[in-house]
Amino acid sequence: MSRVNQTSVVARHRGKQVSKQGKVIENHSTELRAEGKMHTMMADTVACCVKVKVPDSLRPVLDGLVPEAQACVARMLARRMESSSKYYKELPCVIAKGLIAKYQKNKKCKQVSSLVLPICGDKGKQIKLADGGIRIPALFKKAVLPVLWLRLPVGFVRSAEFFERSGEWYAAICYNAKVEKQFSVTGTVGVDRNSVGAVATLADPQNGKVLHLGFNPARTKAVWRGRKANLQSLRKKRLLHKIRNKQSRRTRYENHVVSKQIVDYAAKHRRCIVLEKLENVREGKIRRYVEQSQWSFYQLLRFFCIRLPCAA
């Protein structure tokens, strides 16, 4: 094929490539960048997550997968180079790929205590929408897992994770939903992130309610500081590392709970949330209390930003 003919072929197949044998190869990266493709499809959707209880009729399937999945996860963590589903033929391919992505490719994961069975939706190929719920042919064949949607799903289900808690199986389903129109607010609520005796204090001037949310961070932080000081003097580095991780998890949990309570209250009563700036809290009279509490106020602010689009 001459140079002129090659140029004309490429011009006719815009967004595609032509091999040396003259075959047309699709160039997906060019199509995704084109206007009217992925950007416009995802502009009016928001990610939502719903937790449902797995019926007793579907529990035997999950109970039978747990021993094999635990053995496969142990092999995945011991031999991280075997990162393909062909090495774990005792599991369904979709389950094996989910475990590889969740545990094996996570370099910080050393062992798994609470096993989770993840499944990728694969754009509707593995998780199919059905009347009143979803179907997962790789696990439940034609059986339907009932789901009560918080918002109607748009397109396809993104992923699902199955986990067992207190003898019951649950499924956390992530999907895309249409963005609802913003409601008109009927007032404002003020949130004090640096309040005394609580993680945050919510005040609603419209009805006079004042809510003290969370525990006392100053007192709890003082206990943690004392324990870390004792361990540091004894050179217990491993225990010190465990205490720091525990402190970080507790802080993250409390911030999650407090931010959810405030956002839910604002969404229920149609209020606008007002926060004070804590940029220069180490200057002035407030410095002593801030250094005493040592709370992660910026993390709390980030959790607000994550939850606000979903509550709109």
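Which residues does Gln 247 touch, not counting residues up to four places away in sequence? Select Gln 247 and find Lys 221, Trp 224 and Lys 228. Contact here means heavy atoms within 4.5 Å.

**Before moving on**

This is a predicted model, where local features need pLDDT of at least 70, side-chain atom pairs count only at pLDDT 80 or more, and totals for chains, interfaces and linings use all residues. Residues are numbered from 1 along each chain as its sequence is written, and side-chain values use heavy atoms, with hydrogens and water left out.

**Stop 1: Gln 247 and helix H8**

Stay on Gln 247. It lies in helix H8, residues 237–269. Helices (H or I, at least four residues) and strands (E, at least two) are DSSP runs, numbered from the N terminus. Gln 247 counts as buried, at 12% relative accessibility. Buried means under 20% relative accessible area, exposed means over 50%, and partly exposed lies in between (1.4 Å probe, protein chains only).

Now show the side chain of Lys 228. A polar contact of 3.1 Å joins it to the side chain of Gln 247. A polar contact is a pair of N or O atoms within 3.5 Å; within protein, one must be able to donate a hydrogen and the other to accept it, and residues adjacent in sequence count only if both atoms are side-chain atoms.

Keep helix H8 on screen and select Ser 259, which lies in this helix. Is Ser 259 buried or exposed? Ser 259 is buried, at 0% relative accessibility.

**Stop 2: the whole chain**

Zoom out. The protein chain has 10 helices and 13 strands. It holds 312 residues, and 34% of them count as buried. Take the contacts between residues at least 6 apart in sequence: 58% of these join residues at least 24 apart. The accessible surface of the chain comes to about 20,400 Å². Carbon and sulfur atoms account for 53% of that surface. Areas come from the Shrake-Rupley method with a 1.4 Å probe; for residues, only the protein chains shown count as cover.

**Stop 3: strand E3**

Go to Lys 53 in strand E3, residues 45–53. Lys 53 counts as partly exposed, at 45% relative accessibility. Which residues is Lys 53 in contact with, leaving aside its neighbours within four places in sequence? They are Glu 168, Trp 169 and Tyr 170. Draw a C-alpha to C-alpha distance from Lys 53 to Phe 162. The two are 109 residues apart in sequence and 9.6 Å apart in space.

**Stop 4: rings and charges**

Display the aromatic side chains. A search of the whole structure finds 4 aromatic pairs. Start with Tyr 87 and Tyr 88, an edge-to-face pair at 6.5 Å centre to centre and 70 degrees between the planes. Rings of Phe, Tyr and Trp (its six-membered ring) pair if their centres lie within 6.5 Å; planes under 30 degrees apart count as stacked, over 60 as edge-to-face and the rest as tilted. Tyr 87 is partly exposed at 35% relative accessibility, whereas Tyr 88 is buried at 0%.

Next, select Phe 163 and Tyr 170. This pair is stacked, with 6.2 Å between centres and 25 degrees between planes. Phe 163 is buried, with a relative accessible area of 12%.

The charged end of Lys 51 sits over the ring of Tyr 170, 4.6 Å from its centre. A charge sits over a ring if NZ of Lys or CZ of Arg is within 6 Å of the ring centre and within 35 degrees of the ring normal. Then find Lys 102, whose charged end sits over the ring of Tyr 103, 6.0 Å from its centre.

**Stop 5: cysteines**

How many disulfides does a search of the whole structure find? It finds 0, a disulfide being a pair of cysteine sulfur atoms within 2.5 Å. Select Cys 48, which counts as buried at 10% relative accessibility. Cys 109 is buried too, with a relative accessible area of 10%.

**Stop 6: positive phi in two loops**

Most residues other than glycine have a negative phi. Select Lys 123, in the loop between strand E4 (116–120) and strand E5 (128–130). Lys 123 has a positive phi of about 55 degrees. Lys 123 counts as exposed, at 64% relative accessibility.

Finish at Lys 141, in the loop between helix H6 (137–140) and strand E7 (144–146). Its phi is positive, about 55 degrees, although Lys 141 is not a glycine. Lys 141 is exposed, at 58% relative accessibility.
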